Amino acid sequence: MAEKEKTLITRLFLENWQRKLISLIIDILNWFMIEHSMTITKQIDSIPVRVTHLAQEKTIEGMQCNGILNKRISLTITGNKTAVEELTGKDLEVVIDATDKPDQWIAAIEKKNLISLKPEFDISTMISKVHPFEMIIKQSKLVTEKIPITITHPIGKAPKGYQFLDIWPYQLSVTVNGPEEAIKRLKNRGPILTFNLSDISSTELDTLTSKKNSNAGDAISFFVPNSWKKINLPFLSDTPLEIDDPQAKNLRIDFSRQEFLPIEMPLPVTVFFPPKYSQAINPETCMLAPNDFIAKRNGIEMITLPLYAQGVSRLFLETVKDMIQIVIVAAPKQEREKLLWNVQFMYPNELEDRYVAKVLSESTEEISDVHPHLREDYLRNRFRSYMTRFRLYTTKQSKLLLNIELQDNSISVIPE
């Protein structure tokens with residue numbers, strides 16, 4: 001039995017082996033030739049387009065610095081089945097020569113415009129035909145301009161223990177190169193830059209606070225790192241542009257500590273009587289009702305309860321504390337059940353001048369790098385931010401809330 005099997009194998013593989021080997025080689029060659037002679041037609045999408053030999057003073061809207069347009073195209077290609085089947089838009093590039101071309105022309109894309117980005121793919125042998133495709137190329141004047149950038153209110157939350165105060169400067173500029181039409185649109189609209197407060201840690205601000213000396217209770221300035229001072233303009237550049245404005249070095253985000261500062265003096269309370277209600281409600285017919293919360297001292301109604309301020313610095317509070325009052329707006333009961341009130345700063349312009357002068361005289365370290373004519377603007381903006389954020393508290397946890405009502409010929413004021 002073993003001998004018969006041996007004889008069968010010998011006959012299959014060894015008898016006439018030369019002829020069998022030649023037949024096998026011929027079959028392989030035939031398959032190879034047939035396979036590689038077959039062609040297919042396929043649409044290749046997202047092919048990049050590069051324009052070369054543009055005049056120095058010309059550009060194309062949406063063209064990157066490497067000459068690639070931001071618009072990609074699709075081409076229908078006929079060629080070798082095996083090679084074309086695996087082809088994608090990443091393997092090809094269309095190159096258009098702009099030599100001696102007018103400002104606007106129609107470019108006919110042909111096989112000669114294609115180059116391969118795939119070393120093993122030979123366009124001359126692998127592609128037999130590129131189906132006709134045309135695209136409009138419009139050249140524009142290349143211009144260089146300074147574009148204003150608006151620095152917006154940051155997003156996110158301030159680090160724990162701190163409160164966002166302000167950002168300064170509010171506007172910077174960046175120098176850009178690009179098509180005249182695109183630059184004009186950009187100047188009219190203006191890009192914006194927005195930072196995220198969540199990207200700043202409490203540790204960073206704690207370190208800055210510990211470094212402050214005489215004005216340790218005033219604003220803490222976080223200088224924006226250079227890596228943040230970039231603007232995305234994808235239609236002009238494929239990478240973010242660095243802001244080259246000299247004032248960018250002063251870009252900072254100001255914080256105040258979330259401290260509850262004792263005011264340490266009673267606050268006067270006054271009533272504003274709108275003229276339109278004056279026939280019924282006026283100082284002669286209506287007055288503040290005395291109680292344990294409001295006491296009259298030297299003829300002035302004052303809140304005697306200890307109060308705290310939050311959202312401001314010690315320096316600010318020291319500057320304004322003797323020029324603060326609470327103002328109640330009188331109104332008929334049928335107009336408003338609960339009367340409105342707010343905190344008012346007396347002679348705010350003078351207080352602002354005092355604050356600015358005090359900071360400039362006592363500590364210029366934090367603003368020494370700011371151009372002299374901008375220093376006052378920076379400090380005045382800070383002072384106004386403090387006024388906006390000023391809040392009164394009865395304890396370190398409770399905001400001052402007042403229940404104010406018109407009762408017969410008196411105005412009752414009690415804390416909620």
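## Terms and model

A residue is buried under 20% relative accessible area, exposed over 50%, and partly exposed in between (1.4 Å probe, protein chains only). This is a predicted model, in which local features need pLDDT of at least 70, side-chain atom pairs count only at pLDDT 80 or more, and totals for chains, interfaces and linings use all residues. Residues are numbered from 1 along each chain as its sequence is written, and side-chain values use heavy atoms, with hydrogens and water left out.

H53 sits in the loop between β2 (49–52) and β3 (58–60). Strands here are DSSP runs of E, at least two residues, numbered from the N terminus. H53 counts as exposed because its relative accessibility is 58%. Its phi is positive, about 60°, although H53 is not a glycine.

S46 belongs to strand β1 (residues 39–47). Its phi is also positive, near 55°, and S46 is not a glycine. S46 has a relative accessible area of 38%, so it is partly exposed.

## A cis peptide bond

Most residues other than glycine have a negative phi, and most peptide bonds are trans. The bond from W168 to P169 is cis, with omega near -5°. P169 lies in the loop between β10 (162–168) and β11 (171–179).

## S237 and its contact

Where is S237? It lies in the loop between β14 (230–231) and β15 (241–242). S237 is buried, because its relative accessibility is 12%. Its side chain reaches the backbone oxygen of T239 at 2.7 Å.

Terms used
Helices (H or I, at least four residues) and strands (E, at least two) are DSSP runs, numbered from the N terminus. A polar contact is a pair of N or O atoms within 3.5 Å; within protein, one must be able to donate a hydrogen and the other to accept it, and residues adjacent in sequence count only if both atoms are side-chain atoms.
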